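Subject: Structure for your review

Dear colleague,

Please find below the structure that I am handing over to you. My notes on its pockets, cores and one of its helices follow.

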Amino acid sequence: MKKLRKTVPLPDDLCLHRYFSESAAFFDIETTGFSPKNSFVYLIGMAERGNNAIEITQFLADKRTEEAAVLSAFFENLKSVRTLITFNGTGFDLPFLKARAALYGISHSLDDFSPLDLYKLTGKFAHLFHLPDKKQKSVEKFLGVEREDKYGGGELIPVYYAYEKQRNPQSEELLLLHNYEDVLGMTKLLPLLSYADFFDTPPHVLSASRERCVSYDGKDESQELLLTLSVPFPFPKRIFCRNGLCSLLCEGSLARLLIKVFSGELRFYYENYKDYYYLPEEDLAVHKSIASFVDASHRKKATASTCYTRKSGCFLPQHTPAVTPCFYPGKKSGVSYFELTEAFLSDASALDSYASGLLKVLCKL
């Protein structure tokens, strides 16, 4: 078994300093297949923090009979570690290691660590990054992380078998480089947690302003509401997403929500429609106590779909009826509107709550 060490400078990044403490370690394994029953571990790489640097250690089995030695050396190196940071480690690496350790009767403390799986944390936001898939290399490419390694783990399996037979230095270099860049690459993915921190933290609106919007031909004019939000950590890359109601721009140390303002007439629906009559000529519903003064030929019993009154003004959309009263452009639907007032714009708590509802929907795009 070979044990190799490399040291690289520790980048000055807020997320890296927050999550990569001296009691945390990144790790990645290389195996000859997906099943621990039919394949084995031939290489484990790990990164630790020390002396203001990233210290990377790799354990390489020159032959399959050294797998137990690789496992034992890796477990021994974890004695001062409390948090294990991986990319899909909870789904693959950790179960694989446990199964192989059990085969040799090697004790370990893998169940005692606090896992931090970057695949799970960043995967739920992959649609916001417009990635082709959720693989580590795709996420690295989004962040602009460059690699020398051009191979996938599956492509290196025959390379390892050839190395096991011939101890070819070129094959060894390929194996080590892939694992090394996987481990080092994970440390470069930590800034992505700024998006998780942003969406998981209740938003705080720094400012709210009405924006005038004019169409390209200059004929149509509309209004939009701009909400500027604070963020826990700066975003490493600009992202932009939208749905039918609003758009979100995350860039640098700010996030901006732009919401379409509806100007015109909407309907407010009364709940207890059996207590109302509908007046077709006026296109509205009135309570039966008032309808009794209207000629019977000009009124009819209201239904759930006709029991409404109309209101004109400026309105904001919402996916859940958090702000009341709720208005609708037609029949009741999943999207409702509430009146945009100066009182709302000056209510910090209401603005924060409204932004929270919009972000939850955008996050599920």
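**Findings on pockets, cores and a helix**

Sorted by class, the residues that line the second largest pocket are seven nonpolar, two polar and four charged. Please bear in mind that the model is a predicted one. The lining of this second largest pocket is made up of 13 residues, and those nearest its centre are E224, F240, R242, S247 and L258. Two or more lining residues come from each of β8 (221-230), β9 (239-242), β10 (246-251) and β11 (254-260). Of these strands, β11 contributes the most, with four residues. The volume of the second largest pocket is about 260 Å³.

The largest pocket has a volume of about 740 Å³. Its lining comprises 24 residues, with D28, F34, G153, H178 and D182 lying nearest the centre. The elements that supply two or more of the lining residues are β2, α3 (89-104), α6 (136-143) and α8. Strand β2 has the largest share, at four residues. By class, seven of the residues lining the largest pocket are nonpolar, nine are polar and eight are charged.

I turn next to the nonpolar cores. The largest of them holds 61 residues, and the members that touch the most others are F198, L227, L248 and L257. The greatest contribution to this core, seven residues, is made by helix α12 (residues 348-363). Which residues does F198 contact, leaving aside its neighbours within four places in sequence? They are L229, S230, V231, P232, F235, L248, C250, A255 and L359. Another core lies apart from the largest one and has 33 residues, including A25, I44, F113 and L176.

The last topic is helix α7 (residues 157-166), in which I157, V159, Y160, Y163 and E164 are buried. These residues lie on the same side of α7, because the arc they cover around the axis is only 155°. In general, an α-helix has 3.6 residues a turn, so residues three or four places apart point the same way. On the other side of α7, K165 and Q166 are exposed. The cover over the buried residues of α7 includes the strands β1 (2-9), β2 (24-31), β3 (41-50) and β4 (53-60), together with helix α8 (169-189). Just after α7, R167 adopts a positive phi of about 50°.

Yours sincerely

Definitions and conventions. Residues numbered from 1 in each chain as written. Predicted model: local features only at pLDDT ≥ 70, side-chain atom pairs only at ≥ 80, totals over all residues. Heavy atoms only, no water. Core = buried A, V, L, I, M, F, W, Y, C linked by side-chain atoms within 4.5 Å. Buried < 20%, exposed > 50% of the residue type's maximum accessible area, 1.4 Å probe, protein only. Contact = heavy atoms within 4.5 Å. Arc of directions from axis to C-beta. 1 Å grid on protein atoms, 1.4 Å probe; cavity = no way out; pocket = protein on both sides within 12 Å on 5 of 7 lines; lining within 4 Å. Points joined across faces, edges and corners; volume = space filled by probe spheres on them. Nonpolar A, V, L, I, M, F, W, Y, C, P; charged D, E, K, R; others polar.
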